[in-house]
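Welcome! Have the sequence and the 3D view ready, and let us walk through this protein together, one topic at a time.

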Amino acid sequence: MTSLEAAKRLAAYQAVDQHIKSGYIVGIGSGSTVIYAVERLAQRVATEKVVVSCVPTSFQARQLVVQNQLTLTDLDVTPNLDVCIDGADEVDSNLDLIKGGGGCLLQEKIVASCARKLIIIADYTKNSSQLGEQYKKGIPIEVAPMAYFPIKTRLEAKYQGQFMLRMAVNKAGPVVTDNGNFILDWTNFDQTLEWKNVNQELALIPGVVETGLFIQMAQEAYFGMPNGSVKVQKRSAANSLPFFSSV
C-alpha cells in the first residue's frame, strides 16, 4: 500500500470509529477514500455487532454497501440520517469543499443535506487554505444536457476561467452522471471569490442541476498525514447550515 493510500485508510478508520454508533442511519459517500470507510464499517459490524443502515450516494457507493454485506436503505425509507461520511477533492480553511471529481455531486449533496453531520475523510493532499490552491481539475457543475452550451457561454462571460465539458474516457462523447446529466468543469478560477455567493448565483441559472461547491455543510474533516497521524479540522456550530429534516 502506498503512503497516500495508507493516509486515506487512517482518516477513514478514525472517522468511522468516532462517528458511527449502533442504530445509526449512515450516508455512504463516493470515491477512493470511502472504500476504506466501508471496509472499516463492515469490520465493526462483524466484530462489534454494530447495527447500521446505509444510504448510498452513487452507483459505486451502492455496490460497496452490497459487496460488504451491509444493510442498504434509501431516503424514501430513512430520510433523516445520523451522519454522512464522504470524501472531497479539496477542503479549505473554512471547511468548505470542492466535490464531484467522480461525477456524483448531486446525490452526494442530497444525502449530506439529510444528515445531522457531514464528516469528510481525505488524505493530506486535499487540505488547502483556499479552494483551487492544490486541486486543479476544477469545480464541477452538473447541467441538463440540452442546456450545457448556453450555460457554458453565460458562465464564460461572467467569470474568470474556463468551463469545459467533461469528456468520457472509455466511451465516445461526454461523461453522463448517474442522473443522466453532463458536467462542466470550471478551471483557472479566481480563488478569492466569495463561494457562498457564487454557489447561489450558479444555482439560479436554468439548467444548472447542482454544483460541486459544498459550502458550510461539513462539520469535521479527517486528513491522513504522511507521518501516520490524523489531522482533524472542525467547524464551529455557528458556521454550519442546518440539516434538512422531513419531520
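In strand β12, L213 is the bridge partner of I98. This link belongs to an antiparallel pairing of β6 with β12, made over 2 bridges. Keep in mind as you look around that the model is predicted.

**The three-stranded sheet**

- Strands β5, β6 and β12 line up in that order as an open sheet of 3 strands, and the pairing is antiparallel.
- Its edge strands are β5 and β12 (213-214), each of which pairs on one side only.
- The loop between β5 (90-91) and β6 (97-98) is the place of L95.
- L95 has a phi near 70°, a positive value in a residue other than glycine.
- Is L95 buried or exposed? L95 counts as buried because its relative accessibility is 1%, and the cut-off for buried is under 20%.

**The seven-stranded sheet**

- A second open sheet has 7 strands in the order β3-β2-β1-β4-β7-β13-β14, with mixed pairing.
- At its edges are β3 (71-72) and β14 (230-234), each pairing on one side only.
- Helix α4 (residues 105-113) packs on this sheet, where it touches β1, β2, β4 (83-86) and β7 (118-123). The direction of α4 makes about 150° with that of β4.
- β1 (residues 25-28) runs parallel to β2, and the two pair over 4 bridges. Within this pairing, V55 in β2 is the bridge partner of G27.

**A closer look at β2**

- S53 is found in strand β2, which covers residues 53-56.
- With a relative accessibility of 19%, S53 counts as buried, because the cut-off is under 20%.
- Which residues does S53 contact, leaving aside its neighbours within four places in sequence? They are Y24, I25, V26, T71 and T73.

**A closer look at β7**

- How many of the 6 residues of β7 are buried? The count is 6 of 6, so this strand is described as mostly covered.
- Both faces of β7 are covered: one side has the buried residues L118, I120 and A122, and the other has I119, I121 and D123, also buried.
- β7 pairs with β4 in the parallel sense over 3 bridges. Here I120 in β7 is the bridge partner of D86.
- β7 is also joined to β13 (residues 220-224) by 5 bridges, and these two strands run parallel. Among the links, Y222 in β13 is the bridge partner of I121.

- The loop between β10 and α6 holds N188, which has a positive phi of about 55° although it is not a glycine.
- N188 counts as exposed because its relative accessibility is 53%, and the cut-off for exposed is over 50%.

**How confident is the prediction?**

- The average pLDDT of the protein is 95, and 96% of the residues score at least 70.
- Over residues 242-247 the pLDDT stays under 50. For that stretch the model has 12 contacts beyond four places in sequence.

Technical notes
Residues are numbered from 1 along each chain as its sequence is written. This is a predicted model: local features need pLDDT of at least 70, side-chain atom pairs count only at pLDDT 80 or more; totals for chains, interfaces and linings use all residues. Side-chain values use heavy atoms; hydrogens and water are left out. Buried means under 20% relative accessible area, exposed over 50%, partly exposed in between (1.4 Å probe, protein chains only). Contact means heavy atoms within 4.5 Å. Two strands pair if DSSP finds at least two bridges between them. pLDDT is the predictor's confidence in each residue, from 0 to 100. Axes are lines fitted to C-alpha atoms, for helices over the stretch in contact, and angles run from 0 to 180 degrees between N-to-C directions.
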